[in-house]
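Good morning, colleagues. I should like to take you through one structure, element by element, and I ask you to keep the display in view as I speak.

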Amino acid sequence: MRIATWNVNSITARLPRLLAWLESSGTDVLCVQETKCAESAFPYEPLRELGYEAAVNATGRWNGVALVSKAGLTDVTVGLPGGPDYDGDQEPRAIGATCGPVRLWSVYVPNGREIGHPHYDYKLRWLEALRTAVAGDAAGDRPFAVLGDFNVAPTDEDVWDRSAFDGLTHVTDLEREALAALREAGLSDVVPRPLKYDRPFTYWDYRELGFPKNRGMRIDLVYGNEVFAKAVGDAYVDREERKGKGASDHAPVVVDLEV
């Protein structure tokens, strides 16, 4: 079973590339982040023509997540149970479903903006709520994983130059402690292999030639429970999908399971 996660940075803008990639990659289930569209504008029909059904949590031009599956979609949970609001809004940042033999969550963790900003506190509270929400599935006896854009680099090795992030979000102790607490709920980091260079970055800024210079970060993560992690046969970053005109600033992370 092939499972992937991809922040597409607008599913409308990326649709031709997304459809071509799904067809060529043989992916069974894709966790999507940053759909940037209302649910009514989600491209259900083009995906259905390729054999995929979709569960979507999206409300407009910002955020938005989805699960796109050839393996079935049951027991769908829309939104993060117990998740915090931001400015009175329950943002569309999480969706969970059972896809054949596995239970999956697609998540788009808040960015945090800057240290001390209300959005930074919101990010920490959101991660705490995520830990609580997934604890039961994480301790279960079926394959379970939370996949998505976590907007946190777990270690200094997961950014191209730690000094370039001094005073910025994504690398702070509090963010990394929140990730560690999530792992302590019974999840482990499925680290993909890079297809080029020595570190498996998943995001490169559009600015200042970030991708050609490999000034990247590993912030798109796969956190699986023990059953899921033991079933992993391979995991890699499909760096090719970050290339060329019209690419997202994130690359897909692909995981092959023996289930």
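Helix H1 bends by about 40° at Arg17, where the bend at a residue is the angle between axes fitted to the seven residues ending there and the seven starting there. Please bear in mind that this is a predicted model, in which local features need pLDDT of at least 70, side-chain atom pairs count only at pLDDT 80 or more, and totals for chains, interfaces and linings use all residues. Residues are numbered from 1 along each chain as its sequence is written, and side-chain values use heavy atoms, with hydrogens and water left out. The names of helices (H or I, at least four residues) and strands (E, at least two) refer to DSSP runs, numbered from the N terminus.

Just after H1, Gly26 takes a positive phi of about 70°.

Which residues of H1 are buried? They are Ile11, Arg14, Leu15, Leu18, Leu19, Trp21, Leu22 and Ser25. Buried here means under 20% relative accessible area, exposed over 50%, and partly exposed in between, with a 1.4 Å probe and protein chains only. These buried residues pack against strand E1 (2–7), strand E2 (29–33), helix H2 (44–49) and strand E14 (253–257); contact means heavy atoms within 4.5 Å. H1 lies across E1, E2 and E14, running at about 160° to E1. Axes are lines fitted to C-alpha atoms, for helices over the stretch in contact, and angles run from 0 to 180 degrees between N-to-C directions.

Six strands form an open sheet with mixed pairing, in the order E3-E4-E2-E1-E14-E13. Strand E3 (53–57) and strand E13 (232–237) stand at the edges, each with a single partner strand, so one side of each is left without a neighbour in the sheet. From one strand to the next, the twist averages 15°. Two strands pair if DSSP finds at least two bridges between them.

Within this sheet, E1 is mostly covered, with 5 of its 6 residues buried. E1 is joined to E2 by 5 bridges, and the two run parallel. In E2, Ile3 has Val29 as its bridge partner, and Asn7 has Gln33. With E14, E1 pairs in the antiparallel sense over 4 bridges; Arg2 stands opposite Asp256 there.

Is Thr5 buried or exposed? Thr5 is buried, because its relative accessible area is 0%. The side chains of Thr5 and Gln33 are joined by a polar contact of 3.0 Å. A polar contact is a pair of N or O atoms within 3.5 Å; within protein, one must be able to donate a hydrogen and the other to accept it, and residues adjacent in sequence count only if both atoms are side-chain atoms. A polar atom of the Thr5 side chain also lies 3.4 Å from the backbone nitrogen of Gly148. Leaving aside residues up to four places away in sequence, Thr5 touches several others, including Leu30, Leu147, Leu221 and Val253.

Next comes another sheet. Here 6 strands form an open sheet in the order E5-E6-E7-E8-E12-E9, again with mixed pairing. Its edge strands are strand E5 (74–78) and strand E9 (188–189), each of which pairs on one side only. Strand E8 (residues 144–149) and strand E12 (residues 220–224) run antiparallel and are joined by 5 bridges. The bridge partner of Asp149 in E12 is Asp220. Helix H3 (residues 118–138) packs on the sheet, touching strand E6 (94–99), strand E7 (102–108) and E8, and its direction makes about 175° with that of E7.

What of the length of H3? Its 21 residues should span 30 Å at 1.5 Å a residue, and its end C-alpha atoms are 29 Å apart, which agrees. H3 bends by about 30° at Thr132. Among its buried residues are His119, Tyr120, Trp126 and Leu130. The buried residues of H3 pack against E6, E7, E8 and helix H4 (173–184).

Asp75, in strand E5, has a positive phi of about 50° although it is not a glycine. Asp75 counts as exposed, because its relative accessibility is 55%. Asn151 is not a glycine either, yet has a positive phi of about 55°. Asn151 lies in the loop between E8 and H4 and is buried, with a relative accessible area of 5%.

Technical notes: The expected span of a helix is 1.5 Å times one less than its number of residues.
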